[in-house]
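Q: I would like to learn how to read a two-chain model, from overall fold to interface. Where do we start?

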Amino acid sequence: MRLTEFFDRGEFVVTAEVGPPKGFHIEHLVEEANEFLKGRVHAVNVTDNQSSVMRLGSLATCKVLKDNGLNTIFQVTCRDRNRIALQSDILSAALLGIDNLLLLTGDHTTLGDHPQAKPVFDLDSVSLTHAVKRMEEGFDIAGNAIDGEFPKFSKGAVVSPCSDSVDAQLAKMEQKVKAGVEYFQTQGVYEPEKFIKFMDKAKQFGVPVQLGIIIPKNVGMVRYMNANVAGVHVPDDMIEELKADKEKTKAGITGVEISARIIKECKDYCQGVHIMALGWESKIPAILDQAGL
Amino acid sequence: MLITQLKSKETIESLAKGKTFIVNCHGCKEVYFAEHEAEELQKELSETNDITQIVTTDYICHPDNLALQLKKHMDKIKDADTVIVFSCGVGIQTVAKYLDDKRVYSGCDTFPLPGFQGVTPLQVDCAQCGECYLNYTGGICPITSCSKSLVNGQCGGAKDGMCEVDKEMECGWERIYRKLEKLNKLDTLKYEPKVRNYWHPDAEQTDAE
């Protein structure tokens with residue numbers, strides 16, 4: 001089911017992200033999704049070779065999750081495919097009944113486990129959105145007619161609200177909306193006041209925004225993100241909170257508390273939440289419970 | 001070899017807003033410059049637009065030489081609203097960098113040919129992609145200053161203003177944003193989605209103004 005239908009009904013839309021394994025057995029992923037996500041989220045994002053690390057494909061994983069009764073979001077990056085392959089995969093998604101897309105430029109190849117690979121970036125998040133919109137209107141990006149029924153998707157994209165170049169991010173967000181983006185998921189937020197300020201400017205575009213949550217697992221992880229992950233900044237008092245009770249942090253209780261608290265503080269300013277658990281999918285129900293969702 | 005080809009007359013007319021100063025570069029012999037066509041076009045332009053001066057010089061890609069060549073014209077340049085440069089992409093970027101607070105536009109697209117690539121000191125780079133984006137991006141090339149050569153704005157990968165791919169390199173799109181902000185021209189970024197044309201060389205296919 002298309003995500004925009006939930007937004008249109010005024011629901012606070014909850015999504016969570018899963019990453020396919022480096023291999024073709026996904027029983028474990030499906031089990032976890034059934035146990036922790038089914039009935040709790042509106043849709044499950046499936047990442048596309050996340051962080052430029054080669055893994056099982058997003059589309060195939062979406063199909064298996066769909067067959068297991070989960071609503072899915074097919075993440076599509078422009079790093080590994082040119083415009084022909086991208087449009088072809090998007091038609092394949094329509095065939096398989098996957099009707100939610102998250103359209104991204106993608107991390108650079110040099111950041112992953114195949115740094116020698118050719119970075120494609122024939123299209124980017126904006127021109128890919130434009131291509132999907134054209135397909136929905138019955139034409140491919142080169143202007144050739146699509147046969148039969150035109151595909152129809154909910155077209156999502158990402159934005160980085162706590163980026164130190166937030167003005168440039170907002171300019172890009174506006175371009176994405178103009179190209180046809182219908183909902184946004186954000187980079188992980190740890191500073192509610194920055195997010196609220198961002199939303200004050202972003203609301204003018206009239207497109208729903210889901211607050212991004214990356215569950216903080218431990219001090220090492222958040223320090224790594226502070227040093228290396230663009231648009232993510234974990235404040236010192238939160239690092240202290242993770243340090244304070246090592247056992248509690250190890251058990252995931254602190255991470256759940258922090259995540260739920262951020263959601264509560266930001267909830268009134270956005271239209272949903274997107275949780276990136278990075279292997280801690282089992283904690284998602286507790287976060288949603290504590291956040292009152 | 002490079003070929004510089006003039007942008008369409010309509011495009012150049014639309015760029016020549018207010019008092020306009022024109023720079024032609026007839027520098028290296030490795031660059032084919034459409035001298036005659038440029039002269040004709042600039043003559044026609046002088047009849048309809050406010051062209052305050054046309055300077056024809058050489059090697060504007062060399063920052064010191066450029067400064068020297070423009071020195072005696074600085075009064076006219078300061079007075080101008082717009083500067084249009086007819087040169088390869090390196091020349092335009094060098095002028096845009098030197099005249100940091102001026103609206104500097106490109107009158108040409110640059111295409112590659114096999115052979116020597118001309119004399120440039122490589123402070124900035126031109127990928128000779130054939131559809132010059134410099135008029136949208138404040139004279140900073142998104143193809144060579146962005147690791148992903150993005151043409152529709154910044155990705156999410158800049159941290160503290162630096163590129164995630166090369167931490168020594170400033171994010172090109174952040175530079176573009178700041179430059180346009182300084183020129184009070186941020187509206188320039190609100191264009192229709194751009195799709196690059198890799199089918200080169202084919203000048204007629206370009207839609208970049």
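Predicted model: local features only at pLDDT ≥ 70, side-chain atom pairs only at ≥ 80, totals over all residues.

Q: What radius of gyration does chain A have, and what would a compact globule have?
A: Chain A has 18 Å. A compact globule with 293 residues would be near 19 Å, so the value agrees. The C-alpha trace of chain A spans about 60 × 45 × 45 Å along its principal axes.

Q: What is chain A built from, and how much of it is buried?
A: Chain A has 12 helices and eight strands. Of its 293 residues, 55% count as buried. Take the contacts in chain A between residues at least 6 apart in sequence: 78% of them join residues at least 24 apart.

Q: How is the size of an interface given?
A: Often as the accessible area lost when the parts come together. Here chain A and chain B bury about 2400 Å² between them, with 51% of it on carbon and sulfur atoms. Chain A gives 34 residues to the contact and chain B gives 29 residues.

Q: How many polar contacts and salt bridges link the chains?
A: Between chain A and chain B, 16 residue pairs are in polar contact, both residues at pLDDT 80 or more. On the side of chain A that touches chain B, the elements giving two or more residues are α5 (125-136), α6 and α8 (219-228). The largest share, nine residues, comes from α6(A). By type, this side of chain A divides into 13 nonpolar, 12 polar and nine charged residues. The rule finds one salt bridge across the interface. A:E174 forms a salt bridge with B:K190, and the closest N and O atoms are 3.6 Å apart.

Q: Is A:Q175 buried or exposed, and why?
A: Buried means under 20% relative accessible area. A:Q175 has 5% relative accessibility, so it counts as buried. This residue lies in helix α6 of chain A. Its side chain reaches the backbone oxygen of B:Y191 at 2.6 Å. Leaving out residues up to four places away in sequence, A:Q175 touches A:V126, B:L189, B:K190 and B:Y191.

Q: Which residues of helix α7 in chain B are buried, and what do they pack against?
A: In α7(B), residues 172-182, the buried ones are B:G172, B:W173, B:E174, B:I176, B:Y177, B:K179 and B:L180. They pack against α6 (166-179) of chain A. Within chain B, they pack against α5 (89-98), α6 (142-145) and β8 (158-159).

Q: What is the phi of B:N184, which follows α7(B)?
A: The phi of B:N184 is positive, near 60 degrees.

Notes. Residues numbered from 1 in each chain as written. Chains lettered and ligands numbered in written order. Heavy atoms only, no water. Buried < 20%, exposed > 50% of the residue type's maximum accessible area, 1.4 Å probe, protein only. Helix = DSSP H or I, 4+ residues; strand = E, 2+ residues; numbered from the N terminus. Contact = heavy atoms within 4.5 Å. Polar contact = N/O pair within 3.5 Å; in protein donor to acceptor, adjacent residues only side chain to side chain. Buried area = accessible area lost by both parts, 1.4 Å probe. Salt bridge = Lys/Arg side-chain N within 4 Å of Asp/Glu carboxyl O. Nonpolar A, V, L, I, M, F, W, Y, C, P; charged D, E, K, R; others polar. Rg over C-alpha atoms; globule rule 2.2 N^0.38 Å.
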